[in-house]
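Reader: Please take one close look at the side-chain pairings in this model. Which rings and charges meet, and where do they sit?

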Amino acid sequence: MAHRKSTLKLTHQDLAVNADVRTKKLDPEDLEEQPEIVRRDARSGQLVVRQTYDKASGEALEEGYGYRWVNEDGEEVPKEDIEEYVLEDDEERQVEKREPTLGSDRTVEAIEWIPVAELDEYLIGKTYEMWGEDDADVAQLYELAEHIREFDQAPVVPVVLQPSYYQDWGIITPAFFEESFSIILRVTSRKIEPEERMPKLDVEDVRERIDEEEGEVLEQETPFN
């Protein structure tokens, strides 16, 4: 992944940082390995693949105007006859897509509570805000916000936005303003796993080592006397 080179310069009280750094994006999609999905015809067990075709003529085309699912015999397979499997260690395990957890007639419940201080340990892929439908709902959300602030514990809820094999997790935290508040939902799939890990070095020790490596400069008398 491409990275950018720059200089990080910070001063605060007795801290002074002036370091050349490289920066690259930590992307959830890049870090999360996606298992291979295999589709089979429930009637025959044959593999099913997606085929593009011309809707007008019905002929299969490399770049068609529609697509359909066909088995190894080239027969079109109805959607209801397609079974999906996850391929793991050369073995197939049948799976079904998870239904969305957010939307009309959906109830979201906390699966656990985590310390608010741990929020920075998770790689946030998306961020949403939540608000109440009416005053009664807003009052309950304000009670939740104060509870999170008092106990420093944030609820974690399952997040599936569309039918998917995967489930993310949403961490709910409040944001307080002078006369109002908000509820923020941060969606994550995993903890942060930095690829570039640096040793813990002391600034003074590094400076001393550099001075020792450079050595002393030989003093010479100039010939211009």
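**Rings and charges**

Author: The charged end of R149 sits over the ring of F176, 3.7 Å from the ring centre. That label requires NZ of Lys or CZ of Arg within 6 Å of the ring centre and within 35 degrees of the ring normal. The model is predicted: local features need pLDDT of at least 70, side-chain atom pairs count only at pLDDT 80 or more, and totals for chains, interfaces and linings use all residues. Residues are numbered from 1 along each chain as its sequence is written, and side-chain values use heavy atoms, leaving out hydrogens and water.

The structure holds 2 aromatic pairs. Rings of Phe, Tyr and Trp (its six-membered ring) pair with centres within 6.5 Å; planes under 30 degrees apart are stacked, over 60 edge-to-face, the rest tilted. Y67 has a relative accessible area of 47%, so Y67 is partly exposed. W69 is partly exposed too, at 21%. Buried means under 20% relative accessible area, exposed over 50%, and partly exposed in between (1.4 Å probe, protein chains only).

Y142 and F181 also pair. Their centres are 5.2 Å apart and their planes meet at 55 degrees, so this pair is tilted. The pair links distant parts of the chain: Y142 belongs to helix α2 (residues 135–151), F181 to strand β12 (residues 181–191), and 39 residues separate them. Helices (H or I, at least four residues) and strands (E, at least two) are DSSP runs numbered from the N terminus. Y142 is partly exposed, with a relative accessible area of 39%.

Now the opposite charges. Such side chains can pair when their charged atoms come close. The structure holds 8 salt bridges, each a side-chain nitrogen of Lys or Arg within 4 Å of a carboxyl oxygen of Asp or Glu. One joins R39 to E84, at 3.2 Å from N to O. R39 lies in strand β3 (residues 36–41) and E84 in strand β6 (residues 82–88), so this bridge ties together parts 45 residues apart in sequence. R39 is partly exposed at 22%. E84, at 16% relative accessibility, counts as buried.

Strand β12 takes part again. K191 bridges to E121, with 3.2 Å from N to O. K191 is in strand β12 and E121 in the loop between β8 and β9, so parts 70 residues apart in sequence are tied together. K191 has a relative accessible area of 40% and is partly exposed. E121 is partly exposed as well, at 36%.

The loop between β8 (112–115) and β9 (122–130) also holds L119. L119 counts as buried because its relative accessibility is 15%. Leaving out residues up to four places away in sequence, L119 touches I171, T173 and R186; contact means heavy atoms within 4.5 Å. L119 and I171 are 52 residues apart along the chain, with C-alpha atoms separated by 7.9 Å.

Another bridge is local. R207 pairs with E204, their closest N and O atoms being 3.3 Å apart. Both lie in helix α3 (residues 203–214), 3 residues apart, about one turn of the helix. R207 is partly exposed at 48%, and E204 is partly exposed at 45%. Finally, D41, R43 and D81 are linked in a network of salt bridges.
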